[in-house]
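Colleague: I'd like to go through this structure with you, term by term. Could you show it first?

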Amino acid sequence: MASNKKYWKSVEELKDSSIVETLSKNEFVEEVPTDEFLGDKETLENSSTSRRDFLKYVGFTTAAASLAACEGPVRKSIPYVVKPDDVTLGVADWYATSIADGYDFANVLVKTREGRPIQIMPNKEANGTTSARVQAAVLSLYDEKLRLKEPTKAGQPISWSVADKEIASKLASLKEANKPVVLLTGSLASPSTDKIINDFIVANPNAKHVVYDAVSESGAADAFKAMYGKRALPNYKLEKAKTIVSFGADFLGDFHGGFEKAYIDGRKPETGHMSYHVQVESNMSLTGANADKRVVAKPSDQIFALLNLYNELTGAGVSSKATPIDADIKAIAKDLKKAGSKAVVLTGLNDVNAQLISLEINKILNSEIIDVNNTINIRQGNDAEVAQLISDLKSGSISGLITYNVDPLYTLPNAAEFKASLDKLELSIALSTENNESASVFNYALPTPHFLESWGDTLLEESTYGLMQPTIQPLFNTRQLQDTLLKWSGSSTKYYDYLKAYAKANVLGISSWNTALHNGFFKKEVVANATFETTVSISNVASLLANTAKKSSGFELNLYTKTGLGDGKQANNPWLQEFPDPITRASWDNYLTMSIADAKTLGFSNPVKDNGAIDGDYAKVSVNGVEVTVPVMIQPGQAKGSFGLAVGYGKTFGLKDEMQVGVNAYPLYANGNNVQYGVSIEKVSGTHQYACTQVQKTIAGRHDILKVASLKDYKTVDPKDHHQGWNKPSYVSYDHKEVEANTIDLWDEHNREVGHHFNLSIDLTSCTGCGACVVACHAENNVPVVGKKEVRVGRDMHWLRIDRYYSSEVETREEAKELGLSRGEMYEALETEAENPEVTFQPMMCQHCNHAPCETVCPVAATSHGRQGQNQMAYNRCVGTRYCANNCPYRVRRFNWFNYANNNEFDFNMNNEYGKMVLNPDVVVRSRGVMEKCSMCIQMTQATILKAKKEGRAVNTDEFETACSSACTTGAMVFGDVNNKKDKVAALAEDKRAYNVLDYLQTKPNVIYQVKVRNTNEA
Amino acid sequence: MKSVELHNRLTTSLLRSFTFLLIFAFSLSSFSQDVDEARQKEGKKLFKSLCASCHKLDKKLVGPALGGVEGRRENSWLKAWIKNNAELRASGDADANAIFEEYNGSNMTAFPQLSDKNIDDILYYTTVGEIKKAPAPGQEVVADSGASSSSAPEWIIYLLAAAIIVAFLMIASLLKQVNELKAKASGSDFKGSNFKRDLHELWEGLKKNTFLKVLSTIFLVLIGAYVFFGTVFKVGVDEGYQPVQPIAFSHKIHAGDNQIDCQYCHSSAKHSKTSGIPSVNVCMNCHKNISEVSEETVVEMEDRTLGKAELDLEIAKVYKAAGWDAENLEYTGNTQPIKWVRIHNLPDFVYFNHSQHVTVAGVKCQKCHGPVEEMEELYQHSPLTMGWCIDCHKQTKVDLKGNDYYEKIHEDLAKKYNVDKVTIAQLGGKECGKCHY
């Protein structure tokens, strides 16, 4: 029952720490640092500046400043010489395009203003989704610090024509001598590029193409090839699934590119059907956090469990071992059998044998969920070929190396060997968008455009042919890989013409190119795989797999990618660095996640400072002779005996100083295997300072924030039932009697009948916590980045945050009282539960209260209420008293402690001419000393209204959008006008799951939450 | 930044029109003898309507310069060419074919509708050209009188100041007499110069009179407050801001004399939040053919007067920006954007949308920008302060007819406020968040 649960945000809280108690009461976690500028008494007394002098200076500077301000600056207005036809100044143009940067792939829409892309949104027609990284990619376009700007040879600028000439003659001589040349690229998933590469190889028979992904899923692709004869990844139609069992596959994160939309489509309680999802994993992943049942098992146990499951399902007796989770596996086997063809098993272990077993299980289940025809074509990296390449390089049998958008010197575990063997090459060329370590040591570094400046095509899954088109003139002197290869193959065709011809001949047929380009995608018919006789022997595979796991000794390390930084390609992107990890809520860092039990035995802790900041101890981790020193983060739900560590951090080359954070985990990523055995750990001295917002911004009062119901209760129990109800109204004491909170009010009602009345509905069942909305909000509202130091002291500026709550089933306050437990003891009891807590995400932003506590306390009426339901903030009126933040029960107001734009102290995107190009011209950049917060994207609602007015029509149904609701692909966030009864949100506001956070305060928010429903697999 | 008083502007324009009247009268009288003006006029009319898009008198345009063409070609040949040049070429006329070749085979429109008289009139116009005007003898005088009349307000101010001083002295002397009478009575022994003594006595008198003391204190405080707030509230208000622009562009000539619609150049005003400074290609739509102004054009800017010579140079600046080679009539591709100085500056924290006002509300540009069509040099007409915006939003009743968006909202609001027509403020146009985000 919802009311029986205890919600908590950090391990520290379980210890009933008084600090957390204090923090929940503080307006801002950090005291205003008056001491810093007053200094110590002694210095003040010794100072030669007297009080009078000081006043004189102040007087003079004030007078001088006001005199200087009398003369306004002269502003220039410089129009185009020839205005492009499709640009109307002040009106945004949207282009449909695709993203393919080697790790992130998506069909997207790009918003441009005056020829500058300023925002990326999912192309929902193409079933496109965006993650935080895809949303943030628009800022990486303007990364003038990191991007390659002109072709160079040995660090010296060179013209394209000279470079082409030299390289062409070198390639010719290599071809003549039949010396091997390797083209090393990341996954391209681009059919036309594949063809160009093939043509290049035909023209140069000494050339070979090797695909290298820094974060590899080679095992899955190899297994699929062995089973179905085609090197690709299977697709999963999770929307139709009844039971989903995942062994460490983070399919809401980066596994096969993510399946969040399909997954959530299969989990809509109002349809009466919800898939039952069991996650067996060691790290607490986003997927595990969303699972109905999360089974904690370290990686080696996962392998045995997978084998046990196979035995359980088939009755076979492949070699395996008993694990602590055998009982769970028995239950899982039963559920899978029950669900039959509507069941599916996924495995995240990058091990060809584990992948084969899971494919076999799906075969046995006759699963309709796994789609082997509409395959996924990303993550084509081939570990075996990469390993071969490195040994060939070492032996000197390769003479030429051309890389495209990969940085082996940063991502290879054996980067040193790779570097040493570069001397043996006769020709090394890096084609790259960003300058990186590898490009800096190669003979030639040739800049390629960002995908927002490029033409291209993608085939992310067989059914969707995506097109990529430029949305901005190239910022630098760049040339696409395809154009370069065409040129080197001796062709004079431009890639654009090539692409158009290719698409027409091979994909579009008689369909129009312009229509396909306009839509950004073309739906293709999926051809069934040719019949293929597999030669895989499952018993062999199983014993091989069992042997891998049997070697396990000591601790196990599970390397993973974070939602924010992924494989680290966008490490210089301040939005992503500041993006708090959905699980740990830490930004600007990676760390070793450790279970509570291990931390206790090994002596690690995460003390919370009185300003809400978290510290951590350092650990020296060594795997196969490689040692790294990392800070430790204690993670509830981490499997005992295992650690987690994110790759993608610790990059230094070319990055701004502020971005050089974290530890590079790639040296531990031997053989592309995300699980490393035989890990030893040692506590070393030093204290690490995290920038973690975990316990800051704690909401006042702790009940009625989250409501969770089981699917069974949702279906059978009256939500308002006085005892069993899962969405009970709150009661308050009035006139010494308990009454429903909504029957009494301090305030007069606003008249909401005329015009629009905006509401935002957030479905906690559909929210996976992916954080795309957080970055979308950054882009739309010019939310500044404040840096690690400021985040640590609780001054992050995120208008929209996603709170993560842990919860445990057992205890209630009443129960604890009955048992006579002290508060401390109650939490102690909860701690055992903390080994595997339930997780709930709750996006939290300004609630736009109809009866807003912030409005009444503002002495200058800077925050006021609009008739359309928005709580408006007039920045120019704000004098910075911060009373409003103090009176806000939701902790959503943010104060500009500094000027974050044009300030060298905050050297992020708002401090350089390129980075500023991403700013939204419709929203002001706030200056120091004012309060800001979510505006419910009033600039977007006003624009929608204006569009309707100009066209002389009423606003269409569901036409209103906010940045967060458009970025949300699972449909968790729905925005609209409740006065238009046809708007989706109007029905949602009345839904039986709808509730307001802290509704006993009667603030009457315009943000509605929908009770989270979990399928507990009862009934 | 320089601001100019409005009454000055009014007098200058009055003066200007007067000058023109005089010049016109003189030109009429002085030139009617040697040129057949009626014929010239007729020819000019035809030339402007039919020929001017491709020909000029003194310069190559799309076709050759036509000034004095009668001297170069036979009259009969010209008539044949003008009526149907293709026929003439087809007949194998060598001259006709040569001309056709010279202009890269661009076809000239045939004008079979023109009578011989029409053509003769046109040719007459190409021969005599524009009627030149000698400087009008009366101009100097007029200009002088203008100068004196425009300085008139200044001496009125001096006069007023003098009157005030006199009045003040009168009061002072009155007070003095009173004091002298008092001093006689009390037997004062104050010695000194007369003036000093007077001042001293005035001061003494003031000191003794409590009522006067209170009165003057109040007076001083009020004046101080008025001056202080007057100054402070003017900070950042740039009404009358009239910067010098890189090109002496006259809105009067374009929007006033030539009646070009505002939105022809400021085309994004109806679609977008910005009205848009026109790009150079918009200028070139017309100026490709208009490379010079007519002889009599004069533009009087605040601190300078530009005649034809200067104005032609200004048009040349447009050509430079567009990369237009006026000699060879082609684009060189060597372009330079024009760096206009922005006049209407709203702070970043204000959101203003032109299309809301222009397209939805149908507000005339002049409502905020003033009589632009009369401005030789553009200046900021309105204060652009928040009070100014709000006043308009409070007073303006909205005409919502024919816009489906407003239908229901208007009905509800009219009922709520019990009025026929609602104001913008009643529609919510006074909420902070509507303009500040």
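Modeller: Helices are DSSP runs of H or I with at least four residues, strands are runs of E with at least two, and both are numbered from the N terminus. Residues are numbered from 1 along each chain as its sequence is written, chains are lettered from A and ligands numbered from 1 in the order in which they are written. The model is predicted, with local features needing pLDDT of at least 70 and side-chain atom pairs counting only at pLDDT 80 or more, while totals for chains, interfaces and linings use all residues.

Colleague: Thanks! What comes just after α26(A)?

Modeller: A:N782, which takes a positive phi of about 50°. Most residues other than glycine have a negative phi.

Colleague: Why are α6(A) and α26(A) called roughly parallel?

Modeller: Axes are lines fitted to C-alpha atoms, for helices over the stretch in contact, and angles run from 0 to 180 degrees between N-to-C directions. Under 35 degrees is roughly parallel, over 145 roughly antiparallel, 65 to 115 roughly perpendicular, and the rest oblique. These two axes come within 7 Å and cross at roughly 20°, and the pair is therefore roughly parallel. The crossing is left-handed; that name applies if the near helix is turned anticlockwise from the far one by less than a right angle, and right-handed if clockwise.

Colleague: Which residues of α6(A) and α26(A) meet?

Modeller: A contact requires C-beta atoms, placed from the backbone, within 7 Å of each other. From α6(A) come A:A132, A:Q135, A:A136 and A:V138, facing A:A772, A:V774, A:V775, A:A776 and A:A779 of α26(A). They divide into 8 nonpolar, 1 polar and no charged. Here Ala, Val, Leu, Ile, Met, Phe, Trp, Tyr, Cys and Pro count as nonpolar, Asp, Glu, Lys and Arg as charged, and the others, Gly among them, as polar.

Colleague: What makes α14(A) and α22(A) oblique to each other?

Modeller: Their axes, from residues 352–365 and 538–550, come within 9 Å and cross at roughly 135°, and the two helices are therefore oblique. This crossing is left-handed. A:N353, A:A354, A:L356, A:I357 and A:E360 of α14(A) touch A:I538, A:V541, A:A542, A:L544 and A:L545 of α22(A). By class that gives 8 nonpolar, 1 polar and 1 charged.

Colleague: How do you know that A:G128 is buried?

Modeller: A:G128 has 25 C-beta neighbours inside 10 Å, so it counts as buried. It sits in the loop between β5 (116–122) and α6 (132–141) of chain A. Leaving out residues up to four places away in sequence, A:G128 touches A:A106, A:N107, A:V108, A:P122 and A:N123.

Colleague: Is A:A189 buried or exposed, and why?

Modeller: Buried, because 25 other C-beta atoms lie within 10 Å of A:A189. Its phi is near 50°, positive in a residue other than glycine, and its loop runs between β8 (181–185) and α8 (191–203) of chain A.

Colleague: Why is B:Q259 called exposed?

Modeller: B:Q259 has 8 other C-beta atoms within 10 Å, and therefore counts as exposed. Phi of B:Q259 is near 55°, again positive, in the loop between α11 (251–257) and α12 (262–265) of chain B.

Colleague: What makes β42(A) and β43(A) edge strands?

Modeller: Strands pair if DSSP finds at least two bridges between them. The open sheet has the order β42-β35-β44-β43 in chain A, with mixed pairing; β42 (973–977) and β43 (994–995) each pair on one side only. β35(A), residues 758–763, runs antiparallel to β42(A), with 5 bridges, one of which pairs A:I762 with A:M973.

Colleague: How many bridges join β2(A) to β5(B)?

Modeller: There are 2, and the strands run antiparallel, with A:K76 opposite B:V341. The contact between the chains takes 48 residues from chain B and 43 from chain A. α18(B) gives the largest share of chain B's side, 6 residues.

Technical notes:
Two residues are in contact if their C-beta atoms, placed from the backbone, lie within 7 Å. A residue is buried if 20 or more other C-beta atoms lie within 10 Å of its own, exposed if 12 or fewer, and partly exposed in between; C-beta atoms are placed from the backbone.
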